[in-house]
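Here is a short tour of one model, taken piece by piece. Keep the structure open beside you as you read.

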Amino acid sequence: MRHPRTVDDVMTHAVVSARLDAPVKEIVRSMRHWGVSAVPVLSTEGRVVGVVSEADVLGKVPGDDGDNAGPVTAGSLMSAPAITVPRGAMIAGAARLMGRGRLKRLPVVDENGRPVGVVSRGDLLKVYLRSDAEIAEDVRHELLTHLIAEGDAALAVRVTDGVVTLSGRLPPSVSPGLALRLTRAVPGVVDAAEDFTTA
């Protein structure tokens with residue numbers, strides 16, 4: 001079974017988007033119909049160039065005072081440049097990006113900047129619903145595949161509510177700090193500690 005590691009593993013693949021020249025009513029109808037609070041805006045080449053959120057609509061649409069006679073479109077409303085994330089980005093990196101920008105959703109793009117999905121805070125939180133047994137299996141696999149030869153260590157992995165404790169014997173060539181860093185990168189790990197003895 002493949003455990004979620006990247007944005008591609010947890011994102012919503014359906015993308016609700018808007019053209020640069022889409023009128024404001026069309027954008028709002030899409031938001032209401034699909035139950036989303038923001039939509040990516042696409043260039044004529046299909047690349048994500050901005051995002052229109054509910055806040056953009058409420059804050060930038062002019063009133064009835066006649067100050068703005070131009071058409072209100074996605075291009076005039078959007079926040080740009082768009083903050084996007086590549087589909088291969090690690091879940092933890094996407095979470096940090098969302099946190100820094102105080103964002104609820106991020107457009108996910110391919111190598112050409114075209115949308116392939118959307119990832120939300122809720123999508124990223126799914127990894128914390130994994131069982132302790134799944135996390136322990138994944139941590140053991142990661143350490144024995146990338147860091148420690150199976151014959152060189154007596155590795156014990158204990159997980160309680162997502163908190164991992166590593167114990168046993170490490171070969172001299174492997175630092176406990178490196179083992180902890182690799183462990184913390186496993187999706188669903190809340191924290192990690194070690195109680196290793198060296199060979």
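## About the model

This is a predicted model, where local features need pLDDT of at least 70 and side-chain atom pairs count only at pLDDT 80 or more, while totals for chains, interfaces and linings use all residues. Residues are numbered from 1 along each chain as its sequence is written, and side-chain values use heavy atoms, leaving out hydrogens and water.

Look at Arg19, which stands opposite Leu42 in S2. Strands here are DSSP runs of E with at least two residues, and helices are runs of H or I with at least four, numbered from the N terminus. Strand S2 covers residues 38-42 and runs parallel to S1, with 2 bridges joining them; two strands pair if DSSP finds at least two bridges between them.

The open sheet has 3 strands in the order S1-S2-S3, with mixed pairing. Strands S1 (18-19) and S3 (48-53) each have a single partner strand, so one side of each is left without a neighbour in the sheet.

## Helix H7 and its two faces

Now to helix H7, where Ile135, Ala136, Asp138, Val139, Glu142 and Leu143 are buried (under 20% relative accessible area; exposed is over 50%, partly exposed in between, with a 1.4 Å probe and protein chains only). Seen down the axis, these buried residues fall within an arc of 165°, so they line one face of H7. The face turned away carries the exposed residues Ala133 and Glu137.

## Ile135 in its place

Ile135 has a relative accessible area of 1%. Its contacts (heavy atoms within 4.5 Å) include Val159, Pro187 and Val189, not counting residues up to four places away in sequence.

Conventions. The arc is that of the directions from the helix axis to the C-beta atoms.
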